[in-house]
Amino acid sequence: MHGAMQILLKLIRPLEIFNDVAGRIGRNIAVVAMGLMVVVILLQVFFRYVLNNALPWPDEAARFFMLWLVGLMGPIAMRRGSMVAITGLQKLLPGAVCQGLLFLLLLLSLFVLVVAIKLGWAHVNSGWLFASSSLKLPLHLIGMESVKLKLAWAYMSLFVGFCLMLVVNLELLLRMLVTTLGGGDAMRPIERERPAGID
């Protein structure tokens, strides 16, 4: 049992480091994406309702930033236990049964994420065939011709999010195994928030 515990702890450590670093980077990018989304929306409101001359690109740009915001914050929310959850059943079940149920749900999530990654990658590849209707790289500013942004860059947000959630899922599964084996004190706790539950 002790040997298995050490193996599990060694497997958790690189996942923990990766998720810590990816979470910090993702959170910073997501904050920038949210700020840009707000600026773009306010800009469109000003041009549409004050100048009566709506711009063609802000709506699509706002969706682009929102997709990346969701893709990068999803794994962080999953790891911190901030996802919406129905907690009423957990309160009715005994501790061991509840842990077993949570473990099965993580396994189910793992399967769903693997399928989502496969579908997401196919979606990204199809996105290289189509260009945005209004978003362009402003290469004209440096004397080159502007190029329309490929939709794959927007689709990639969810693919990246699913990949990051898969790594988080693996860490959570291993953590649950270690806790079940009685080694919970050997792990650094993850900063968690109280889930928004439906009781």
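Which hand does the crossing of α1 and α5 have, left or right? I started my notebook with that one, and the crossing turned out left-handed (the near helix is turned anticlockwise from the far one by less than a right angle; clockwise would be right-handed).

**Ground rules.** I am working with a predicted model, where local features need pLDDT of at least 70, side-chain atom pairs count only at pLDDT 80 or more, and totals for chains, interfaces and linings use all residues. Residues are numbered from 1 along each chain as its sequence is written, and side-chain values use heavy atoms, leaving out hydrogens and water.

**α1 and α5.** I looked up helix α5 at residues 152-180 (helices are DSSP runs of H or I, at least four residues, numbered from the N terminus). Its axis comes within 9 Å of that of α1, and the two cross at roughly 145 degrees (axes are lines fitted to C-alpha atoms over the stretch in contact, with angles from 0 to 180 degrees between N-to-C directions). Among the residues that meet are Leu8, Ile12 and Phe18 in α1, and Leu164, Val168 and Leu174 in α5 (contact means heavy atoms within 4.5 Å).

I found Asn52 between α1 (2-50) and α2 (58-80). Asn52 is not a glycine, yet has a positive phi of about 55 degrees. I noted Asn52 as exposed because its relative accessibility is 68% (exposed is over 50%, buried under 20%, partly exposed in between, with a 1.4 Å probe and protein chains only).

**α2.** I saw a kink of about 30 degrees at Met73, shortly before Pro75 (the bend is the angle between axes fitted to the seven residues ending there and the seven starting there). Gly81 follows α2, with a positive phi near 75 degrees.
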